[in-house]
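Please examine the sequence and the model shown below.

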Amino acid sequence: MVDLARFRDETRRWLVENAPASMYTPPRTPDDICWGGRKTPYPDDVRRWLDLMAGRGWTAPTWPREYSGGGLSKAEAKVLAEEMAKLRLRPPLTGFGLSMIGPLLLQEGSEELKREHLPPIVRGEIRWCQGYSEPGAGSDLASLQTRAVRDGDSFVVNGQKVWTSYADKADWMFLLVRTDAEAPKHSGITFLLMDMETPGVTVRPIRLISGSSPFCETFLTDVRVPARNVVGRVNGGWLMAKALLGHERTMIADAFKERDDAKRLVALARRYLGEEHGRVADPLLRDRIAQVEMDQACLDLTLARARDGQRAGHKPGPESSIFKYYGTELNQRRRELMVEILGPQALGWDGAGFDDDELKITRDWLRSRGNSIEGGTSEIQLNIIAKRVLGLPD
Ligand SMILES: Cc1cc2nc3c(=O)[nH]c(=O)nc-3n(C[C@H](O)[C@H](O)[C@H](O)COP(=O)(O)OP(=O)(O)OC[C@H]3O[C@@H](n4cnc5c(N)ncnc54)[C@H](O)[C@@H]3O)c2cc1C
């Protein structure tokens, strides 16, 4: 039986002694955190923090030690997360390796694939992207047309993926391909792992309304992928795809749990709307701010309860759609409210007359429009909740 109080003391001491001073600022956007990989240079402190934490396996605290994880129990991992939150320390690493393909490999991968891919994810050496969507297959993902034909020890892949987040910065992609065109559409899909350096892979960034280019089109022409890179069974990829989406949707909702932004609403309202008797002056906006914060508190508590369940061994199931739906819709409400509070100061895109914070609020608001699309749209989440959580008829 591990002494949790002692573990807490030791963990806190180690964090305080080792974390670089600049890591005590919580990230304001996902890009403030290290995503690892070979293609992006990171500042020295970010790299040092990553190496230190990865050295203890604390980038993936609960993954087994044999795959370079921290080997912590669920209770210890919770203590580590709590101590990092109290110190307001940045996570050392984020990304689709830790939150999507890693958990899937732990759940379903062969021993060979686990040993090959999990340690580089823990160390932040390899960055992953997700090749699910295609021009004709988004909500109806099982209609995907990218073909993979077996040729000796390899599959030869041809087709196009779209909306591939960070494909230009990723080293590997997990993707869905059609390996049996005659079978019913859900039964002819295979889940593959592909090195982005393989000849025949072409990536083109797509520019977004927020001014950035976080995602790409990915063209695949005669790309040879070793057959040992299949996760699960050939033609059994739909099961893998759904299991991974459970992890993805939980991860998206997690991104919207209580952060500094929550406290910022009131501070912004005081600054832009003024105060009356120590309260935000505008009663209607005051009411809406209170509602958003109460809804956030409910989401945070429910997510914490679900997290405890997962620590106790439950895999994320269709109920992850509830979190994805609620977290993303709530984030959009929050962003709308910020823009309303700023009034004309939210109309800037660049240049004088607007400070950095105001410009960021506007761009974050525009970026949030994609939240209810990525990882499956809100309409699709509602369909899943209706059918698979509530058991309502078609
Ligand atoms: C920021 C961002 C990042 C993304 N990153 C990735 C990525 O890394 N990898 C990847 O593979 N994909 C990624 N995507 C793609 C995303 O998964 C798809 O955009 C999404 O699944 C919707 O598919 P679609 O765009 O083809 O829209 P469609 O499926 O064409 O949907 C259009 C509209 O019709 C509605 N609709 C469709 N079917 C139904 C139905 N049965 N019932 C009710 N309404 C329905 C939808 O809700 C939507 O409003 C990303 C998207 C965004 C916005």
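**Salt bridges and overall form**

Helix H5 (residues 111-122) contains both Glu-111 and Arg-115, which are four residues apart, about one turn of the helix. Helices (H or I, at least four residues) and strands (E, at least two) are DSSP runs, numbered from the N terminus. The side chains of Glu-111 and Arg-115 form a salt bridge, with 3.2 Å from N to O. A salt bridge is defined here as a side-chain nitrogen of Lys or Arg within 4 Å of a carboxyl oxygen of Asp or Glu. Glu-111 is partly exposed, at a relative accessible area of 37%, and Arg-115 is likewise partly exposed, at 46%. In these terms, buried means under 20% relative accessible area, exposed means over 50%, and partly exposed lies in between (1.4 Å probe, protein chains only).

The model is predicted: local features need pLDDT of at least 70, side-chain atom pairs count only at pLDDT 80 or more, and totals for chains, interfaces and linings use all residues. Residues are numbered from 1 along each chain as its sequence is written, and side-chain values use heavy atoms, leaving out hydrogens and water.

Consider next the protein as a whole. It has eleven helices and ten strands. Its radius of gyration is 22 Å, close to the 21 Å given by the globule rule for 394 residues, so the protein is as compact as a globular protein of that length. The radius is taken over C-alpha atoms, and the rule is 2.2 Å times the number of residues to the power 0.38. The C-alpha trace spans about 75 × 50 × 45 Å along its principal axes. Of the 394 residues, 47% are buried. Among contacts (heavy atoms within 4.5 Å) with a separation of 6 or more, 72% are between residues 24 or more positions apart.

How many positive and negative side chains does the protein have? There are 56 positive and 56 negative ones, and the centres of the two sets lie 2 Å apart. Lys and Arg count as positive and Asp and Glu as negative, while His and the chain ends are not counted. Each charge is placed at NZ of Lys, CZ of Arg, CG of Asp or CD of Glu. The salt bridges come to 26.

One of these joins Arg-12 to Glu-83, whose closest N and O atoms are 2.8 Å apart. This pair links distant parts of the chain, since Arg-12 is in helix H1 (residues 4-18) and Glu-83 is in helix H3 (residues 74-86), 71 residues apart. Arg-12 is partly exposed at 34%, whereas Glu-83 is buried at 1% relative accessibility.

Another salt bridge connects Asp-357 with Arg-264, with 3.5 Å between the closest N and O atoms. Here too distant parts of the chain are linked: Asp-357 belongs to helix H10 (residues 356-368) and Arg-264 to helix H7 (residues 260-273), 93 residues apart. Asp-357 is partly exposed at 25%, and Arg-264 is buried at 16%. Elsewhere, salt bridges that share partners join Arg-8, Arg-12, Glu-82, Glu-83 and Lys-86 into one network.

Finally, turn to a loop. Leu-208 lies between strand E6 (201-206) and strand E7 (215-226), and is partly exposed at 24% relative accessibility. Beyond its neighbours within four places in sequence, Leu-208 is in contact with Pro-214, Phe-215 and Arg-367. The C-alpha atoms of Leu-208 and Gly-370 are separated by 9.6 Å, although these residues are 162 residues apart along the chain.
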